[in-house]
Amino acid sequence: MLSAAQIADVHKYLQGKPCYPTTGYHRVKRENLQSTSFEDVKSWSHYACYSFPDLIGAPHLLELANSPDILRLAAEYLGCSPTIYTLRLWWSFPRDTPSKITQRFHRDPQDEGLVLYVYLTDVEERSGPHAFVEGSHDSEIFLRMLRACGVFDDDNARKFHTATHLGDGYALPLNDLLPRVVPEAIRTFTGPAGTSFIDDVHGLHTGRLPVDRPRLMFSARYSAGRTTAYDNNGWWPQRIDWAGRIPDTAEARAANELIIDFS
Ligand SMILES: O=C(O)CCC(=O)C(=O)O
Ligand SMILES: [Fe+2]
């Protein structure tokens, strides 16, 4: 979805911008800013993200999140005009073991709707591809998969459904089980920088541990309105110079009102 020249623009813009270590949510709260250099964070953290003001100021990304084709697809899927409720931009670094959060199969229960992912580095099998379990956003199919993985107890299944991250407190090794139990449903996305795909946020997904090189990923989330994930953050909406970046229309304002201050 982005040309090589546009991707180069993004990397150039990010050079020297502070990176913040995160535990896997890929966003940093305003009150917790502990900046460190890229080389430092790369040497010990699983992830590092950019602050929301730096990210929304980057060339091409806000524009990409506002692509008419994507807004149309989100509107069809959600059955209403979509709201962009978060943008994220983060590195995943090679480490010895996967992070306990997003490098295990999980759902995003604090989120709603769709998420657009765009790779900003080339991603192959060994550089941390994203994987999605097809069908798992559907509650029935999801519960059937859990049962096939050995969760027969309805109470446990319900907890899995609502736990912030599947696996928190439940030692179910989904990274091992799912490839054995539903191998045909696991879709792994590899491709050159610019490759993009869209998930339902309630489906099981993971970003695999990169082994050979860091991965830079951008995401934008679309829902019918505010979500818990949005309310958790302290940055929005931001006052920015949006003229020329998104259309000056009521639709564009509605799609961006949670992230951009139009007042
Ligand atoms: O890093 C990835 O590919 C997945 C990240 C993730 O779990 C998320 O954005 O919710
Ligand atoms: Fe996730």
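Visitor: What kind of model is it, and how are residues numbered?
Guide: This is a predicted model, where local features need pLDDT of at least 70, side-chain atom pairs count only at pLDDT 80 or more, and totals for chains, interfaces and linings use all residues. Residues are numbered from 1 along each chain as its sequence is written, while chains are lettered from A and ligands numbered from 1 in the order in which they are written.

Visitor: How many helices and strands does the protein have?
Guide: There are 10 helices and 9 strands. Helices (H or I, at least four residues) and strands (E, at least two) are DSSP runs, numbered from the N terminus.

Visitor: And why call it as compact as a globular protein?
Guide: Its radius of gyration is 18 Å, close to the 18 Å that the globule rule gives for 263 residues, so the protein is as compact as a globular protein of that length. That radius is taken over C-alpha atoms, and the rule is 2.2 Å times the number of residues to the power 0.38. The C-alpha atoms fill a box of roughly 55 × 45 × 35 Å along the principal axes.

Visitor: How much of the protein is buried?
Guide: Buried residues make up 36% of the 263 residues. A residue is buried if 20 or more other C-beta atoms lie within 10 Å of its own, exposed if 12 or fewer, and partly exposed in between, with C-beta atoms placed from the backbone.

Visitor: Which residues touch the most others in the largest nonpolar core?
Guide: Of its 45 residues, Ala48, Cys49, Leu55, Leu61, Ala65 and Leu120 touch the most other members. A nonpolar core is a set of buried Ala, Val, Leu, Ile, Met, Phe, Trp, Tyr and Cys residues joined through C-beta atoms within 7 Å. Strand β3 gives the most to this core, with 6 residues.

Visitor: Why is β3 described as largely enclosed?
Guide: In β3, 10 of the 10 residues are buried, so the strand is largely enclosed by the rest of the structure. β3 pairs with β2 in the antiparallel sense over 3 bridges, and 9 bridges join β3 to β9, also antiparallel. Two strands pair if DSSP finds at least two bridges between them. Serine 92 stands opposite arginine 215 in β9.

Visitor: What about β4?
Guide: There, 5 of the 6 residues are buried, so β4 is largely enclosed by the rest of the structure too. β4 runs antiparallel to β7, with 5 bridges, and antiparallel to β9, with 6 bridges.

Visitor: What order do the strands of the open sheet have?
Guide: The order in this sheet of 3 strands is β6-β5-β8, with antiparallel pairing. β6 and β8 stand at the edges, each with a single partner strand, so one side of each is left without a neighbour in the sheet. Phenylalanine 132 stands opposite arginine 187 in β6, and its bridge partner in β8 is histidine 205.

Visitor: New topic: which residues of helix α6 are buried?
Guide: In α6 (residues 139-148) they are Phe142, Met145 and Leu146. Seen down the helix axis, these buried residues fall within an arc of 100°, so they line one face of α6. The arc is that of the directions from the helix axis to the C-beta atoms. Just after α6, glycine 150 takes a positive phi of about 105°.

Visitor: Last one: where is histidine 202?
Guide: Histidine 202 is found in the loop between β7 (196-200) and β8. With 18 C-beta neighbours inside 10 Å, histidine 202 counts as partly exposed. Not counting residues up to four places away in sequence, histidine 202 touches Arg107 and His137.

Technical notes. Contact = placed C-beta atoms within 7 Å.
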